[in-house]
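Please look at the model shown here. The paragraphs that follow take up its pocket and then some of its helix packing.

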Amino acid sequence: MYDEHYGLSGRPFQLTPDPKFWFESATHRKAMAYLGYGLSQGEGFIVVTGDIGAGKTTLVGHLMATIDRERLHAIKIVSSQIEADDLLRIVATGLDIDPTRLVKAQLLAQIERGLHAVARSGRRTLLIVDEAQALHTNALEELRMLSNFQAGGHALLQIFLLGQPEFRDRLHGSARLEQLRQRVIATHHLDPMGPDEVAAYLQHRLSVVGWKGRPDFTDEAIVALYAGSDGVPRRLNQLAGRVMLHGAIEQLEVIDGSDVVAVVDDMNRETPGEGAHPVDAARADAPIAAGAPPAPPHQPPASTAFAQAQPGVDLARVIDHVASLDQQVAMFSQRLAGMDDRTAQLGQQVESLAARIEEQEVALRRILTLLIDWIESDSNRPDLASYRGLAG
């Protein structure tokens, strides 16, 4: 309804993830940088986590839309408490293998053959698992075992895991996942957008569907939209869509903070506890903080500070920083290894000293026993020559 009223070619704030609406917020740009670094390594696990509605599925959609299919064969799985054997069958299907009637040993052999076939075609295989927090530990262990497949010293399979924050906690808190944890080469948590990114986000999505400045948004409306969504993309889409509908019903050409507050109040009355976050009217009417003004929505995307950012430079900087951290970790590991060697040597010396002390203690007891016997008896003095070496 509101799209027709404002002359738009589609709904800019639909809840269904669509790669064409991809927006590189600071946290999503960083996630793509880590993905780029991880994919360049060609092995191990890449882990991205985020709260519900943070944009994980959109991130996957953008990745799938931008990868080179001539160099990378991607298999995508949306997890729903999949058991280990079922997970293997889904992977096999992604490699064009019929898993019907195959026992586990046969299934693993076929998967390895399938991975080799993809490698011979000049491509690598990337397994993308969405909603990884729903996977059983046994299934995660199967994924780790699959990552062992290699040819010529190169991994045949790389795995990208996306999940909610509890997956990150589980990964770092479970002793059973220690070996998988050691194979994670890149990890990132998707944070909500900042207050200064909301205007550019709205402008971008509106521009994709032909927005020409109707409706316009005041600075107070942008502040209220952030306050009502906490910068979480899905919540912001839900709220912005309702605000646009409100604007169409009320025939508004300019949407201000009071309009957003009214919509938030309506949503909270409809679904208590599940709608947008309550917005303080005073906060919604407050001007945007100095030093970080969001770009006005009516400006073209190229004029925004965000559009002028250079993701390539950020990616290079992230990769250099991660490489530096890898070197520091390697140096620290070498120092720990040296400390372990010195500790082992000290332990051996202590054991040797303890053995010598025990031998001397036994010898002294024997000598004392003989001396006492000699003193208490009238017999000749005993021969102690054989014990002098032990007690010395």
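How do the residues of the lining of the largest pocket divide into nonpolar, polar and charged? The lining has 10 nonpolar, 10 polar and 6 charged residues, where Ala, Val, Leu, Ile, Met, Phe, Trp, Tyr, Cys and Pro count as nonpolar, Asp, Glu, Lys and Arg as charged, and the others, Gly among them, as polar. This is a predicted model, in which local features need pLDDT of at least 70 and side-chain atom pairs pLDDT 80 or more, while totals for chains, interfaces and linings use all residues. Residues are numbered from 1 along each chain as its sequence is written, and side-chain values use heavy atoms, without hydrogens and water.

The largest pocket holds about 370 Å³ of space. Of its 26 lining residues, Gly53, Ala54, Gly55, Thr58 and Pro233 are the closest to the centre. Helices α3 (56-66), α9 (198-208) and α11 each supply at least two lining residues.

α9 also packs against α10, at an angle of about 95° and with the axes 9 Å apart. α9 is therefore roughly perpendicular to α10 (65 to 115 degrees). Val198, Ala199 and Leu202 of α9 meet Ile222, Leu225 and Tyr226 of α10, contact meaning heavy atoms within 4.5 Å. This contact has 6 nonpolar, no polar and no charged residues.

The axes of α10 (residues 219-229) and α11 (residues 233-249) come within 9 Å and cross at roughly 130°. Ala224, Leu225, Gly228 and Ser229 of α10 make the contact with Arg235, Leu236, Leu239, Ala240 and Val243 of α11. Here the residues divide into 6 nonpolar, 2 polar and 1 charged.

Notes: Axes fitted to C-alpha atoms, helices over the stretch in contact; angles between N-to-C directions. Helix = DSSP H or I, 4+ residues; strand = E, 2+ residues; numbered from the N terminus. 1 Å grid on protein atoms, 1.4 Å probe; cavity = no way out; pocket = protein on both sides within 12 Å on 5 of 7 lines; lining within 4 Å. Points joined across faces, edges and corners; volume = space filled by probe spheres on them. Parallel < 35°, antiparallel > 145°, perpendicular 65-115°, else oblique.
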